[in-house]
Amino acid sequence: MSAATAPSAAVGRRTLAVLLLIPVVAALVLAVFAWPAARIAPRDLPIGVAGPAAAAEAVERGLGRHAGAFEIHRYADAGAARAAIEDRDVYGAVVVTPGGTELLTASAGSPVVAGLLREAVTAQAPAGAPVAVTDVVAAPAGDPRGAVLGASLLPLALAGAATGVVTVLLGLRGARAAAVLAGASALAGLVGAALADSWLGALTGDWWAEAGILGLTVLAIGSAFAGLATLLGKPGFGLGAALTILLGNAFSGMSSAPELLPTGVGALGQWLPPGAAGSALRSVSAFDGAAAGRPVLVLALWAAAGLAATALGARRRTEAAPAPERVPAPVPVN
């Protein structure tokens, strides 16, 4: 092969590699997002049952026909069941009274689950016995189907990714990198709360708590990008994108609920920043912070680990950098 044809052959191989790689990547992304969505079904979905023992047992047996679908919690009365819903222990509850059956739901926790419970309980009710439905914690009027809240995770992930990438590309290290990551994340949280709460009305809880969750989410993702890239170089950006943008969003369960995703997928998603952010936002927005502790801890751990990795990677690079060559001072000539 002549020297003239060698570059052409190399360009041809790279072109072929790109043509083969693009369909593989597209298929992978499509599978990651489409597979959980195509397998949505209740899996150990926590719901409550309250009422007289005999009637409650009958309801429990009826729900038990859906093998593995529901995790039943028994409560003494409607008040206890309602409190469990407000504490986010269960998604809803069936209350049996002498006057009939009542279904308590929480569309703010998941409109999809609220609709699923309505269908399941109505289907097993005796003919001619209507089921009264009470939405204990209703979704906000600005986002009745949870579409805005579900769609907010990807922009948060992209904002965090951009923050981490820019921090690394600018060559920021140590305390300066941490300050930039924290400052940009705080500003993103304030802007996000202004848009989602003050403008769209998709969030209706404590404004500052919502801004804090949004900012912590951006910090968790941004510091993860910065830390992985500082430790691993350019491959760190790819790993950060796979964890926080690809898997994190696909496995978050925000458009439905973690318990509706394939076994293991929903649980994994809650350990990734987007899934934890979604759960925390639901808690502070509609449930007065109930059950927000665990997802907030997950976000804080990601942020702390990312900042630590950024500092460690910067230190390693500094130690590995060659020392400047010392030039001997010229000898004076008398």
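**Pockets and helix packing**

Modeller: Let's start with the second largest pocket: it has 17 lining residues, and S152, P155, L156, G192 and L195 lie nearest its centre. The model is predicted, with local features needing pLDDT of at least 70 and side-chain atom pairs pLDDT 80 or more, while totals for chains, interfaces and linings use all residues. Numbering runs from 1 along each chain as its sequence is written, and side-chain values use heavy atoms, with hydrogens and water left out.

Colleague: What makes this a pocket rather than a cavity?

Modeller: On a 1 Å grid over the protein atoms alone, a pocket is an open set of points with protein on both sides within 12 Å along at least five of seven lines, whereas in a cavity a 1.4 Å probe fits but cannot get out; lining residues have an atom within 4 Å of a point. The second largest pocket holds about 320 Å³ of space, a volume being the space filled by probe spheres set on points joined across faces, edges and corners.

Colleague: Which helices each supply at least two residues of its lining?

Modeller: Helix 5 (147-151), helix 6, helix 7 and helix 8 do, and helix 7 gives the largest share, five residues. Helices here are DSSP runs (H or I, at least four residues), numbered from the N terminus.

Colleague: How do you know what classes of residue line the second largest pocket?

Modeller: Ala, Val, Leu, Ile, Met, Phe, Trp, Tyr, Cys and Pro count as nonpolar, Asp, Glu, Lys and Arg as charged, and the others, Gly among them, as polar. On that scheme the lining has 15 nonpolar, two polar and no charged residues.

Colleague: Why is helix 6 called oblique to helix 8?

Modeller: Helix 6 (residues 153-169) and helix 8 (residues 207-232) pack at about 40°, with axes 7 Å apart. Axes are lines fitted to C-alpha atoms, for helices over the stretch in contact, and angles run from 0 to 180 degrees between N-to-C directions. Under 35 degrees counts as roughly parallel, over 145 as roughly antiparallel, 65 to 115 as roughly perpendicular and the rest as oblique. The angle of about 40° therefore makes helix 6 oblique to helix 8.

Colleague: And which residues of helix 6 and helix 8 meet?

Modeller: L156, A157, G160 and V168 are among those of helix 6, meeting residues of helix 8 including L214, V218, F225 and A229; contact means heavy atoms within 4.5 Å.

Colleague: What makes helix 7 oblique to helix 8?

Modeller: Helix 7 (residues 174-199) and helix 8 pack at about 135°, with their axes 7 Å apart. That angle falls in the rest, so helix 7 is oblique to helix 8.

Colleague: What is the handedness of the crossing of helix 7 with helix 8?

Modeller: Helix 7 passes helix 8 in a right-handed crossing, and helix 6 also passes helix 8 in a right-handed one. A crossing is left-handed if the near helix is turned anticlockwise from the far one by less than a right angle, and right-handed if clockwise.

Colleague: Why does helix 9 count as oblique to helix 11?

Modeller: The axes of helix 9 (residues 234-250) and helix 11 come within 7 Å and cross at roughly 50°. That angle makes helix 9 oblique to helix 11. T244, G248 and N249 in helix 9 meet P273, P274 and G275 in helix 11, a contact of two nonpolar, four polar and no charged residues.

Colleague: What lines the largest pocket?

Modeller: There are 27 lining residues, with R88, Y91, P258, E259 and S279 closest to the centre of the largest pocket, which holds about 470 Å³ of space. Helix 11 provides the largest share of the lining, five residues. The lining divides into 12 nonpolar, 10 polar and five charged residues.

Colleague: How many cavities of 30 Å³ or more does a search of the whole structure find?

Modeller: One, and the largest cavity has a volume of about 100 Å³. Its lining has 14 residues, and A108, P140, L149, A202 and R282 are the closest to the centre. Helix 11 gives the largest share here too, four residues.
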